[in-house]
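The plan is to look things up one at a time and jot down what turns up.

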Amino acid sequence: MTNMDTIRASYEADLALVEDSKMLGDFWTKYLSKSGEIQKLMGGIKSVPKEEKKAYGQAVNEVKTWAQGLYDAKKEEMDKKAMMARYDDETIDVTLPAASTGAGNLHPLTCIKNEIIDVFAGMGFEIFEGPEIEDDDHNFTRLNVLKDHPSRDMQDTFWLTEDLLLRTHTSPGQIRVMDKGELPIKVLVPGKVFRSDSDATHSPMFSQMEGLVVDKHITLCDLQGMLDQFVKALFSDEAKTRLRPSYFPFTEPSVEVDVTCFKCGGKGCSLCKGTGWIEVLGGGIVNNRVLENCNIDSNEYSGLAFGIGIERIAMLKYGINHMGKLFENDIEFLKQFKA
Ligand code: DAH
């Protein structure tokens, strides 16, 4: 019995020293585990005289219950403390202002694309989108770029099979629209195009915007009138266009379209290399052969077409000197185009 009192005393003293869960674990092993001090008391019953065994057993049980009670209370107190410490630690000050992430803005290419669409939508154009994987027929042959024709070399093509390719321009969109058989036509075909080409002003992937009008009595004047509106809206109210003869297999006649230099206003500067003009796009009157390839009667109908390089317009308008900058997704660069 005296042994029990000593154990109670040391149990209380030891428990008072426990400060963390590791110490509590050690304490449990020392007293409450199977080989612990309290359990050993039970073993002591063997050496107790028969008549005292009952009282001894009761006393041991009392100690056990008492010990477990103290232990549980201590554990509860420690758990509570740990929880409070966690609460303190994880306190969130809901009154703090949120970290600013800044508002995003549209990519310059998206802005230019939207601007171009706005201008032509105002003239009644609709939007058509064709596939990025095209066949030889739509991308070349029916656009009057015949097999072995040297103009096929104008565009370095990514071939996928003998017949399939990544479209080299948005012009196959013209064929797809004319194939629908609905006249008149007034469409814009925006999209990504692909060529095996890469330097400061070329990229293997870039974007174009094709324009096609097919109706009765369409002439080059209509083309120039529309493009005048386009350059005024995109560059400046004073901007004018100039058509220069050129060659594209799908147009006849074909023109290269220049705009008055928006840096010097036409006087001549480093941007326009002293000419006062900057080339912005290609176009022309749809070649009769292309109309006929799409079963459109070229005696009754005529068409105009043009192809705009979106990156080129963005570079000219914003003074960007390397096309790659438009694809790098450098936030600091893109932030400058906040509308
Ligand atoms: N497809 C031409 C190119 O990728 C651009 C072009 C020129 C489109 C004249 C036209 C056009 O529709 O009439 O370089």
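**Entry 1: the sheet.** In what order do the strands of the open sheet of 7 strands come? Before answering, I note that this is a predicted model. I read the order as β1-β4-β5-β9-β8-β7-β6, and the pairing is mixed. Next I looked at the edges. β1 (126-127) and β6 stand there with a single partner strand each, so one side of each has no neighbour in the sheet.

**Entry 2: β6 and β7.** β6 covers residues 241-248 and β7 covers residues 251-260, and the two pair in the antiparallel sense over 7 bridges. To get from β6 to β7, I passed through a hairpin of 2 residues. I also picked out one facing pair here: Thr241 sits opposite Val259 in β7.

**Entry 3: β5 and β9.** Then I moved along to another pair in the sheet. β5 and β9 run antiparallel, with 8 bridges joining them.

**Entry 4: the ligand.** How many residues surround the ligand? I get 16, and the closest are His169, Ser171, Arg195, Gln208 and Glu210. By type, the shell divides into 4 nonpolar, 10 polar and 2 charged residues. β5 (205-215), β8 (277-286) and β9 (302-309) each give at least two residues to it. As for where the ligand sits, the space it takes is the largest pocket.

Entry 5: Which side chain puts a polar atom 3.0 Å from an oxygen atom of the ligand? Gln174 is one that I found. Gln208 turned up too, with a side-chain N or O atom 3.0 Å from a ligand oxygen. For Ala305 I had to look at the backbone, where a polar atom lies 3.3 Å from an oxygen atom of the ligand. On its own the ligand has 350 Å² of accessible area, and the protein covers 92% of that.

Entry 6: Last, I went through the backbone angles. Leu183 and Pro184 are joined by a cis peptide bond, with omega about -5 degrees. I located Pro184 in the loop between α7 (172-179) and β4 (185-194). There is also a cis peptide bond from Glu252 to Pro253, where omega is near 0 degrees. Pro253 has its place in strand β7, which I had already visited for its 7 bridges with β6. What is the phi of Lys273? It is positive, about 50 degrees, although Lys273 is not a glycine. I placed Lys273 in the loop between β7 and β8.

Note on methods
Residues are numbered from 1 along each chain as its sequence is written. This is a predicted model: local features need pLDDT of at least 70, side-chain atom pairs count only at pLDDT 80 or more; totals for chains, interfaces and linings use all residues. Side-chain values use heavy atoms; hydrogens and water are left out. A residue is near a molecule or strand if one of its heavy atoms lies within 4 Å of it. A polar contact is a pair of N or O atoms within 3.5 Å; within protein, one must be able to donate a hydrogen and the other to accept it, and residues adjacent in sequence count only if both atoms are side-chain atoms. Accessible areas come from the Shrake-Rupley method with a 1.4 Å probe; for residues, only the protein chains shown count as cover. On a 1 Å grid over the protein atoms alone, a cavity is a set of points where a 1.4 Å probe fits but cannot get out, and a pocket is an open set with protein on both sides within 12 Å along at least five of seven lines; lining residues have an atom within 4 Å of a point. A molecule sits in a cavity or pocket if more than half of its atoms lie within 2 Å of its grid points. Helices (H or I, at least four residues) and strands (E, at least two) are DSSP runs, numbered from the N terminus. Ala, Val, Leu, Ile, Met, Phe, Trp, Tyr, Cys and Pro count as nonpolar, Asp, Glu, Lys and Arg as charged, and the others, Gly among them, as polar. Two strands pair if DSSP finds at least two bridges between them.
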